[in-house]
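Here is a quick tour of a protein model. Have a look at the fold first, then read on for the details.

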Amino acid sequence: FRLIRKVASGRKFQQELKSLTRVARDTYVSCADLILKVLAVRSRVLSMRIDLYFEGDAKLISESEAARLAIDKFVDNLGKGRIIDDVVAYIVVREDGLDRCIHFHCWICVDGHKHRDGYHLTEKLGDYWMENCIGSPVLGATKNCWERRAEYEHNSLGLLGPNDEEMLRGLREALAYMCKLGKMPHLYVK
């Protein structure tokens with residue numbers, strides 16, 4: 001305990017902690033700014049969230065070049081409209097967890113005037129991850145956050161307009177979770 005206390009109270013450790021906190025705060029601010037810009041020009045968007053994981057033996061290589069190429073492929077094809085149409089914006093954040101190892105939290109919004117079925121669109125994103133990026137359901141998994149939207153105190157999933165206070169509150173909470181300390185350095189934003 002003395003060693004931990006000494007290291008944690010040291011100047012170098014404290015400076016690194018402040019730096020990480022500043023990066024997390026700046027990331028949150030830039031992501032919130034992106035969402036405000038989207039809502040300034042779009043009267044209605046369909047907000048969706050999905051988490052992308054590596055499973056089984058793939059957990060062990062989740063920090064490899066092949067794993068990085070898998071998420072790069074997902075993000076590239078998402079941005080080019082090859083997975084779902086009319087993607088207005090997205091935020092994909094990498095997290096390194098103890099149990100899940102490297103995994104990704106994704107927020108995606110599409111034109112709400114053209115799309116309404118968030119559950120099936122999110123499932124389509126998960127299927128693409130499993131089939132085209134990972135290559136096998138044995139090596140990957142997804143969590144469609146749509147399935148749990150009733151559990152969120154402030155839901156941010158579904159049709160979202162610039163004046164929908166309750167959903168904006170939920171989106172703020174989701175962003176705070178996605179941009180929390182320790183989820184850097186990989187951030188993909190459109």
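## The model and its confidence

This is a predicted model, in which local features need pLDDT of at least 70 and side-chain atom pairs count only at pLDDT 80 or more, while totals for chains, interfaces and linings use all residues. Residues are numbered from 1 along each chain as its sequence is written, and side-chain values use heavy atoms, with hydrogens and water left out.

As for pLDDT (the predictor's confidence in each residue, from 0 to 100), the protein averages 86, and 93% of its residues reach 70 or more.

## Overall fold

You'll find six helices and six strands here. Both are DSSP runs numbered from the N terminus: helices are H or I with at least four residues, strands are E with at least two. Reading from the N terminus, the order is α-α-β-α-α-β-β-α-β-β-α-β. The radius of gyration is 18 Å, close to the 16 Å that the globule rule gives for 190 residues, so the protein is as compact as a globular protein of that length. (That radius is taken over C-alpha atoms, and the rule is 2.2 Å times the number of residues to the power 0.38.)

Along the principal axes, the C-alpha atoms fill a box of roughly 60 × 40 × 30 Å. Of the 190 residues, 44% are buried; buried means under 20% relative accessible area, exposed over 50%, and partly exposed in between, using a 1.4 Å probe and protein chains only. Now for contacts, meaning heavy atoms within 4.5 Å: among those between residues at least 6 apart in sequence, 71% join residues at least 24 apart.

## The largest pocket

How big is the volume of the largest pocket? It is about 170 Å³. A pocket here is an open set of points on a 1 Å grid over the protein atoms alone, with protein on both sides within 12 Å along at least five of seven lines; lining residues have an atom within 4 Å of a point. Grid points are joined across faces, edges and corners, and the volume is the space filled by probe spheres set on the points.

The lining is made up of Arg49, Lys143, Arg148, Tyr152, Glu153, His154, Asn155, Ser156, Gly170, Glu173, Ala174 and Tyr177. Helix α6 (residues 165-178) gives the largest share, four residues. By type, the lining splits into five charged, four polar and three nonpolar residues. For this count, Ala, Val, Leu, Ile, Met, Phe, Trp, Tyr, Cys and Pro are nonpolar, Asp, Glu, Lys and Arg are charged, and the others, Gly among them, are polar.

Gly126 sits in helix α5 and is buried, at 3% relative accessible area. Leaving out residues up to four places away in sequence, Gly126 touches Ile50 and Thr142. His103 is 23 residues from Gly126 in sequence, and their C-alpha atoms are 13 Å apart.

Ala141 belongs to strand β4 (residues 140-144) and also counts as buried, at 17%. Beyond its neighbours within four places in sequence, Ala141 contacts Asp51, Leu52, Tyr53, Glu55, Trp129 and Met130. Phe54 is 87 residues away from Ala141 in sequence, yet their C-alpha atoms are 6.1 Å apart.

## Partly exposed spots

The loop between α4 (65-79) and β2 (87-97) holds Asp86, whose phi is near 60°, a positive value in a residue other than glycine. Asp86 is partly exposed, at 30% relative accessible area.

Asp85 is found in the loop between α4 and β2 and is partly exposed at 48%. Setting aside neighbours within four places in sequence, Asp85 contacts Val110 and His115. Its C-alpha atom lies 52 Å from that of Arg5, 80 residues apart along the chain. In helix α4 itself there is Arg68, partly exposed at 33%.

Methods. 1 Å grid on protein atoms, 1.4 Å probe; cavity = no way out; pocket = protein on both sides within 12 Å on 5 of 7 lines; lining within 4 Å.
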